[in-house]
Amino acid sequence: MSRLSQQSPDSIFILVAAVVTRIEQVSPSYRRFTFTGPEVQHIADNRHDQRIKLLFPLPETGFDGLPMHDDWYQAWRLLPTPERHAMRTYTIREVRQDVAEFDIDIALHGRVGPASTWALDARIGDELIVNVPNARAAVTAGGVDWHAPESVDQVLLAGDETALPAIAGILESLPDTSRGIAVVEIPHPDDIAVLSTKPDGVELVVLPRGDQPVGTLLIPEVERIASRLAPTVDTAAIATLPTLEDVDIDRELLWEVPVDEHGGPVLASAPLYAWLAGEASAIKTLRRHLVSGCGVDRKSVAFMGYWRYGKSEDNG
Ligand SMILES: Cc1cc2nc3c(=O)[nH]c(=O)nc-3n(C[C@H](O)[C@H](O)[C@H](O)COP(=O)(O)OP(=O)(O)OC[C@H]3O[C@@H](n4cnc5c(N)ncnc54)[C@H](O)[C@@H]3O)c2cc1C
């Protein structure tokens, strides 16, 4: 019996069985996995920074015992830890509905977590279960966090290697007339191969980090660029802004994506829209700089902690 048959065809997100058909070492740090499966054609193709969940098989029992109905998430959370399949968040790099395929670019970071270990060991024919937006639902755009105003003078995108697949998806989805700067800190200069195209008016700043700690290059560079791109706000006005509440990234998720009640952009127009994602403490530092240092309107900045140094996604 198809696993999907236990889920309503109009759910906003669905669980889909996905089998690896191709593995490509795109660059020193990235492995691209192509998946297919009988239900893959139903994955909504929203592009931008579409996030999805990957569920990994248990060593002994694979996906036996994984609830595959509409309330799977609650049931999965209640499973005893040894029987609970590891789940991690990734970006869909590309969906090709016509041939029932999709790609994910995984930044290899050692044999330390379920996702990174799977990426090192995976073979053609291996199966994952993915939680993805459903093309047949009335609302198909769940899991997209790029909500730029309709009219924006400049965009600022910034992130580390975990955010590069999302930045690539956003740059490919932007109108050709877009202007701004995209800043990526990656382990190796050749890792930029993950990015295929961008609007001419968006400058690309690549920061190869080598062995330095994550954020070492990203933080000063984005601070410098943000100070240049941010609309001029006088320091007296910035001093009157409410104090930015602290986010304890050891306990809370750093995730601030301004949307209106319909899930769309809050502002109709803005001089600058910024999207920042990556290691949480680096993104937290940049959040403070943009909002409290440069006075950028919080309604036109999205900040996302994609991972936390020294902490697995399980400790959320
Ligand atoms: C919305 C969203 C989209 C994402 N998209 C992508 C994507 O397309 N490609 C991608 O590669 N990643 C992406 N990530 C990041 C990915 O989910 C994390 O890196 C995840 O923690 C990896 O899981 P794991 O099982 O390998 O490690 P975990 O079990 O979560 O963590 C184990 C250890 O590894 C460390 N760690 C986790 N990630 C990294 C890293 N990248 N480098 C160094 N150390 C790390 C942790 O701090 C921890 O100490 C995304 C995250 C989010 C929230």
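1. In which handedness of crossing does H4 pass H6? The crossing is right-handed, a term used when the near helix is turned clockwise from the far one by less than a right angle.

2. This is a predicted model, in which local features need pLDDT of at least 70 and side-chain atom pairs count only at pLDDT 80 or more, while totals for chains, interfaces and linings use all residues. Residues are numbered from 1 along each chain as its sequence is written, and side-chain values use heavy atoms, with hydrogens and water left out.

3. The axes of H4 (residues 218-229) and H6 (residues 280-293) come within 10 Å and cross at roughly 20°, the axes being lines fitted to C-alpha atoms over the stretch in contact, with angles from 0 to 180 degrees between N-to-C directions. The two helices (DSSP runs of H or I, at least four residues) are therefore roughly parallel to each other, as angles under 35 degrees are called.

4. In the contact (heavy atoms within 4.5 Å), residues of H4 including Leu-218 and Val-222 meet residues of H6, among them Leu-286 and Leu-290.

5. Turning to the ligand, an oxygen atom of the ligand is 2.6 Å from a polar backbone atom of Thr-89.

Technical notes. Angles under 35 degrees count as roughly parallel, over 145 as roughly antiparallel, 65 to 115 as roughly perpendicular and the rest as oblique. A polar contact is a pair of N or O atoms within 3.5 Å; within protein, one must be able to donate a hydrogen and the other to accept it, and residues adjacent in sequence count only if both atoms are side-chain atoms.
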